[in-house]
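A briefing follows, grouped by topic.

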Amino acid sequence: TEPSADAPGGEAGTPAEPTEGASTPAEQPGGEALTTTAEVPVGGGVVLHGPGVVVAQPEAGTFVAYSSTCTHQGCAVTTVADGLITCDCHGSQFNVADGSVANGPAEQPLPPVAITVEGDQILAG
């Protein structure tokens with residue numbers, strides 16, 4: 001195994017920038033397929049409970065992903081619409097563009113999750 005250069009508890013070296021095309025060479029395929037670009041509406045998104053990820057499209061052609069675990073008390077967020085990711089447990093809302101808190105009681109943003117877009121597939125990593 002290789003030693004990790006990341007600080008504990010974070011992905012310090014992992015960019016959270018959304019990708020708009022294939023960024024992984026064909027000989028090095030991306031991670032697990034999460035969803036397709038057609039399933040992620042502009043201004044909205046999809047909550048994928050299995051992998052614990054929310055994939056959103058804040059503007060046409062830009063895809064981002066966050067942890068689906070609300071930073072308030074650990075409930076899973078439930079919906080993504082009108083530019084907001086909502087947790088129904090206590091009403092916290094997060095901005096799809098950057099995961100920041102739009103409405104409390106949550107005080108911390110949703111952590112970003114690295115994704116890659118390859119054609120019409122959105123992959124983990």
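**Briefing**

Strand β4 is largely enclosed by the rest of the structure, because six of its six residues are buried (buried means under 20% relative accessible area, exposed over 50% and partly exposed in between, with a 1.4 Å probe and protein chains only). The model is a predicted one, in which local features need pLDDT of at least 70 and side-chain atom pairs count only at pLDDT 80 or more, while totals for chains, interfaces and linings use all residues. Residues are numbered from 1 along each chain as its sequence is written, and side-chain values use heavy atoms, with hydrogens and water left out. Helices (H or I, at least four residues) and strands (E, at least two) are DSSP runs, numbered from the N terminus.

- Strand β3 (residues 53-59) runs antiparallel to β4 and is joined to it by five bridges, where two strands count as paired if DSSP finds at least two bridges between them.
- Within this pairing, Val54 has Tyr66 of β4 as its bridge partner.
- Two residues separate β3 from β4 in the hairpin, and Gly61 in the turn has a positive phi of about 85°.
- Gln57 lies in strand β3 and is buried, with a relative accessible area of 7%.
- Leaving out residues up to four places away in sequence, Gln57 touches Thr37, Val40, Pro41, Val42, Gly43, Gly44, Thr62 and Phe63, contact being heavy atoms within 4.5 Å.

**The four-stranded sheet**

- An open sheet is built of four strands in the order β5-β6-β7-β8, with antiparallel pairing.
- At its edges stand β5 and β8 (101-103), each with a single partner strand, so one side of each is left without a neighbour in the sheet.
- Neighbouring strands of this sheet are turned by 30° against each other on average, direction ignored, with axes taken as lines fitted to C-alpha atoms (for helices over the stretch in contact) and angles running from 0 to 180 degrees between N-to-C directions.
- Three bridges join β5 to β6 in an antiparallel arrangement, and Val80 stands opposite Ile85 in β6.

**Cysteines**

- Cys75 and Cys89 form a disulfide with their sulfur atoms 2.1 Å apart, a disulfide being a pair of cysteine sulfur atoms within 2.5 Å.
- This pair links distant parts of the chain, 14 residues apart, with Cys75 in the loop between β4 (62-67) and β5 (79-81) and Cys89 in the loop between β6 (84-86) and β7 (93-95).
- The torsion about the S-S bond of Cys75 and Cys89 is about -100°, so the disulfide is left-handed.
- Cys89 counts as partly exposed, at 40% relative accessibility.
- Cys70 is in no disulfide, and the nearest cysteine sulfur, that of Cys87, is 3.9 Å away, which is too far for a bond.
- Cys70 is buried, with a relative accessible area of 4%, and Cys87 is buried at 2% relative accessibility.

**Nonpolar cores**

- The largest nonpolar core has 14 residues, of which Val54, Cys70, Val77, Val80, Ile85 and Phe94 touch the most other members; such a core is a set of buried Ala, Val, Leu, Ile, Met, Phe, Trp, Tyr and Cys residues joined through side-chain atoms within 4.5 Å.
- Strands β3 and β4 each supply at least two residues of this core.
- Apart from its neighbours within four places in sequence, Val77 is in contact with Val47, His49, Val54, Ser68, Cys70, Ile85, Thr86, Cys87 and Phe94.
- A second, separate core of 11 residues includes Val40, Val46, Leu48 and Phe63.
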